[in-house]
Amino acid sequence: MAPSNVPAALLLLLLLASSGPLRPTLSGAAPLEPVAVSLLAGAQEKGAVCLDGTPPGYHLQRGSGDGSGSWLVHLEGGGWCSTVKDCSGRRMSVLGSSNFMKPLQFTGHGIFDSDEIYNPDFYNWNKVYVRYCDGASFAGDAEGQAQDGTTVYFRGLRIYEAVIGELMEKGLANATQVLFTGCSAGGLATILHCDDFSARFPQQVSVKCFADAGFFLDVKDISGERSFWSFYNRVVQLQNVRQVLHKDCLANKDPTECFFPTELIKSIRTPMFILNSAYDSWQIQNVLLPTSSSPEKSWLSCKDNIGNCNSTQIKVLDEIRNTMINDLKVINDKADWGMFIDSCFTHCQTLFRISWSSPTSPRLGNKNIAKVVGDWYFGRSQGVKEIDCEYPCNPTCNSLPPP
């Protein structure tokens, strides 16, 4: 991914995926009150600040009834920044400053929905949406200097630790069951921090991790370059993410390789669920077909809509799918893990009612995502590992909006 392509991709991802709860509810019912943002106390003293030095934020909606002891903690996504210039630019947006963070509407939005019909397993849980303002999947610990002489803070790891610490004081420490989730860059963050997060709870507490659209692949773009690996390498070096990477991986591999989920999942002990499209629209648009690869006109059309791809292009996309399926084979040996790998041209599926749980949601084994994830979390069925056939085999994908 060329740096010049990153800002547009980030904005698209922010608008279409990570900020799903900002979008109006589709239910037709009167929406509940938006959930206010809470700014981290003592952020400056802890060095746990956004790119611009403002305190990070999160949104907490308290649970009720039999869900009052259960917690859903979600890490927001929004791409990454790999240069001081790009990271500095993010400071003038919600992805780099809490100055732009507004209340969020949880109602009608997938796993955050408070409607039991559309979110039967998690509707009345305590729900936390942790805002993303560091640019390195809550993993970095460094700082840089912008062109104007101001400091750019790469403090994602401190943000993660401080926010989770504050939530523990607000009741998370007394949870009886917890689901730790994230979407896109937040999905990668979930994978990165899964074991650390679960280690904070007594053994008798049910803690599981759920990564949505966070399984990013180390594949070549259509020009034959490992442009996404190079981009990740710049993120790893600039923001100093080494501290969160598994030591057993670092003993044998380059830190950048250890930042990819393919390597990360080999070492994770906590039960985890991987939700991803095998034809992930963001990865096709930014990993396979970045601007730097100079895609031809026919590829640009395919990039916008998989329905425009010709048979030769679909074969290339099938190779991406096969790489993902192969990289996920390690999960077959993890009895308490689960996965839902569909063939839909989409990215982030937990934050929208239409994809999470509705009459027209994507289905595998005649179950939608909410049902499969619930069955996995509560142990209602064995071996919850669903992998779709090749595109365009699944008609239930057709109802999803364009990515």
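1. A residue is called buried when its relative accessible area is under 20%, exposed when that area is over 50%, and partly exposed in between. D218, at 30% relative accessibility, therefore counts as partly exposed. The model discussed here is a predicted one.

2. D218 has a charged partner: its side chain meets that of R226 in a salt bridge, with 2.5 Å from N to O. R226 is also classed as partly exposed, its relative accessibility being 36%.

3. Across the whole structure, a search finds 15 salt bridges. One of them joins D195 and R269, whose closest N and O atoms are 3.8 Å apart. D195 sits in helix α5 (residues 185-198) and R269 in the loop between α8 (261-264) and β9 (272-277), so this pair ties together parts that are 74 residues apart in sequence.

4. Some salt bridges are linked. D121, K367, K371, D375 and R380 form a network of them. D375 is buried, with a relative accessible area of 3%, while R380, at 41%, is partly exposed.

5. What does K208 have around it, given that it is buried yet has no salt bridge? K208 belongs to strand β8 (residues 206-212). The nearest side chain of opposite charge, D336, is 7.3 Å away, and a salt bridge requires the nitrogen and the carboxyl oxygen to be within 4 Å. A polar atom of the K208 side chain does lie 2.8 Å from the backbone oxygen of Y377. Leaving aside residues up to four places away in sequence, K208 touches V178, L179, F180, T270, P271, W376 and Y377.

6. Helix α6 (residues 227-239) can be checked for length. At 1.5 Å a residue, its 13 residues should span 18 Å, and its end C-alpha atoms are 18 Å apart, which agrees. Its buried residues include F228, W229, F231 and Y232. After α6 comes N240, which has a positive phi, near 55°.

7. In helix α10 (residues 297-304), the buried residues are W299, C302 and K303. Viewed down the axis of α10, they fall within an arc of 105°, so they line one face of the helix. The face turned away from this buried side carries the exposed residues K297 and D304. Among the elements covering the buried residues of α10 are α9 (281-288) and α11 (311-327).

Methods. Residues are numbered from 1 along each chain as its sequence is written. This is a predicted model: local features need pLDDT of at least 70, side-chain atom pairs count only at pLDDT 80 or more; totals for chains, interfaces and linings use all residues. Side-chain values use heavy atoms; hydrogens and water are left out. Helices (H or I, at least four residues) and strands (E, at least two) are DSSP runs, numbered from the N terminus. The expected span of a helix is 1.5 Å times one less than its number of residues. Buried means under 20% relative accessible area, exposed over 50%, partly exposed in between (1.4 Å probe, protein chains only). The arc is that of the directions from the helix axis to the C-beta atoms. Contact means heavy atoms within 4.5 Å. Lys and Arg count as positive and Asp and Glu as negative; His and the chain ends are not counted. A polar contact is a pair of N or O atoms within 3.5 Å; within protein, one must be able to donate a hydrogen and the other to accept it, and residues adjacent in sequence count only if both atoms are side-chain atoms.
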